[in-house]
Each structure stands twice: as C-alpha cells, then as structure tokens.
Amino acid sequence: MFSYCSDPDTLAGLQWLSCYLTTGKHMAFYWSFGTVLILLAITAPAALIFGFGGAVAARSSVLPLRWFGRSYIAIVRGVPDIAFFLFFVIALDQGFEWIRHQVLCPDWDQPIRQGNDFVVCQAAKLPLGSAPQWVHEIYGFAIAVLTFAIVFGAFAANVLFGAMRAVPKAQVETAAAYGMTRRQTFRQIVVPQMWVYALPGLGNLWMVLIKATPLLFLLGVEDIVYWARELGGAKTPRFTDYPHGDWRLWYFLALLVFYLAFTRVSEIFLERLMKRLTRGQATMGGTV
C-alpha cells in the first residue's frame, strides 16, 4: 500500500481511489479471481474423468454397472444443480468424518446420529478445530471442487455416451471383422473418434461450468461474488477508513466484464480446437 495512504482523511480524487483499491480486502478480491480459475482448471479434467467413467459404465455389458452408470446420469441431470451442490457438500463432509470416526474412534459408544445432529469424536473432525484457517479454507475448496466434478461429470457422461454411440457402426463392425476384440475396438476405434462428436456438447458444458462458478459463494468459499458483495455494499466511517455508498453495481459490472471476456476467449479456443479435430474428417457434405 502507498505510504500516503496512512491518513485517508487527507486524500482526494485518484489518490483516494488508488488507496481504496489496494487495501487488504481488495487484494483478497483480486486473488479470488485466481480461485475461480483454479476451480475451473481442476474441475474440468476431474468432471471429464467422472464423465468418461459414467459413460463407459452406462454402455457396459455388465447389468449392475450399466444401471449404475445410467442412474448416475439420470439422477444428477434430473435434479436442480443447486440442490445437488448443497447436498453433496454436506454428504461428502459427513461421509469423510464417518470413515475417520470408524478408524480413529472404535471404542465410541454413543450414536453418531443424535436427532438432527451428526456427532463424531473430536479426532475425526475435518478439519480439526486446532487447524489453522488456511487448512479450513483449502478443505472447503476441495469439497467444492469434488462437488462440481460429480455434478458436471454426470452431464459430461451424457455427452460422451452419445458421442460413443455416434461413431459409425460400420467402423466398429469392420474392426470386429479384422479380429479386434471389443476392448481393442473401444480403445482404438471408438475413443479416438468420439471426441469430434463430443466436443460441441463438452464446449457447451464448459460454458455452463464457467457460469456456475458463482455457486462457490453458496458453498462458503470466499470467491469473487462474495467479495463483490462484501466490498460493494455501503460502508460507513465507523467500520472503515474508506466510507462509500452502495457500489455493488460497479463491482458486479466488473464481474460481468470478466465473465464475458473469459467466455469469449473460451469460444475462440473451442472453435480452433474443433477445426483441428475435424480436419480431414469425413462428413455428409464431404471431407472437412
């Protein structure tokens, strides 16, 4: 922070604004943009892994596995996202604590479910009450990432399942005629070609994932929406050295610009990736 910011009452104009925008809370606001980008960087491949596993399970010849895959896709896609986001955060947290409780406190003689309360021994708490604040924040962020991956993995599974079925059946039959096993055909014929059919759907899913990142705010993570609301609300001299009126409009306008710019960059990248993947691809209109 600039040295002349030590006495905000003497500042005016651009000096006041420069000091205001470099406070500790504003630095946390700027870092929160990185939180969103990290979430996307981790969640996208994780959701793709969940999706691929769900799609493979949905087309499996093993009946229980096929039921599991199709149920995963249908249930998650059929329930509002916000309901699953709030459900998984609680369910995952309690599930991890229950496992730790069984391992660390085998002599516990009280019920874990006590009415509406979920009670485990102190050693099983995640994170521990004595843990520093950054541990609590990382744990909450990790739970949020896992929740995003599970939810969006179901949508990715539906896209990949359709893409696998879109691979021309004649190619699968030709592979079988050449003596390739079902596993070899899947690995060498279906998987390499399905990405062309899956990319439009995955691209749309990526856009939806970007727009869903503000849900971090509802999951207790201090993201850009949290800080925009916190910093933009009216401030009085009693609580801050930089009092101002309700500036939430300007903060959320900054978020609007950020998301529009990010989605535009994503569109350009996806268009170029699609052109590269479809180069030489045979279509009904001829070779691309």
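1. A residue counts as buried when its relative accessible area is under 20%, and as exposed when that value is over 50%. By that rule Phe 84, at 9%, is buried. Please keep in mind while reading that this is a predicted model.

2. Let me start with confidence. The mean pLDDT of the chain is 84, and 92% of the residues score at least 70. Helix α2 (residues 24–58) has the highest mean among the elements, 91, while strand β4 (residues 286–287) has the lowest, 46. Over residues 283–288 the pLDDT stays under 50, and the model has nine contacts beyond four places in sequence for this stretch.

3. Now to the aromatic rings. The structure holds 16 aromatic pairs. One of them joins Phe 84 and Phe 87, with centres 6.4 Å apart and an angle of 80° between the planes, an edge-to-face arrangement. Both residues belong to helix α4 (residues 81–104), where they sit three residues apart, about one turn of the helix.

4. Trp 206 comes from helix α7 (residues 182–212) and Phe 262 from helix α9 (residues 248–277), so the pair ties together parts that are 56 residues apart in sequence. Trp 206 is partly exposed, with a relative accessible area of 22%.

5. Ring pairs link Trp 206 and Phe 262 with Phe 29, Tyr 30, Phe 33, Tyr 251, Phe 258 and Tyr 259.

6. On the backbone, here is one for your peptide-bond check: the bond from Leu 126 to Pro 127 is cis, with omega near -15°. Pro 127 lies in the loop that runs between β2 (117–118) and α5 (133–166).

7. Which of its residues are buried? They are Ile 224, Val 225, Trp 227, Ala 228, Leu 231 and Gly 232. Around the axis these residues cover an arc of only 165°, so they lie on the same side of α8.

Note on methods. Residues numbered from 1 in each chain as written. Predicted model: local features only at pLDDT ≥ 70, side-chain atom pairs only at ≥ 80, totals over all residues. Heavy atoms only, no water. Phe/Tyr/Trp six-rings, centres within 6.5 Å; stacked < 30°, edge-to-face > 60°. Helix = DSSP H or I, 4+ residues; strand = E, 2+ residues; numbered from the N terminus. Buried < 20%, exposed > 50% of the residue type's maximum accessible area, 1.4 Å probe, protein only. pLDDT = per-residue confidence, 0-100. Contact = heavy atoms within 4.5 Å. Arc of directions from axis to C-beta.
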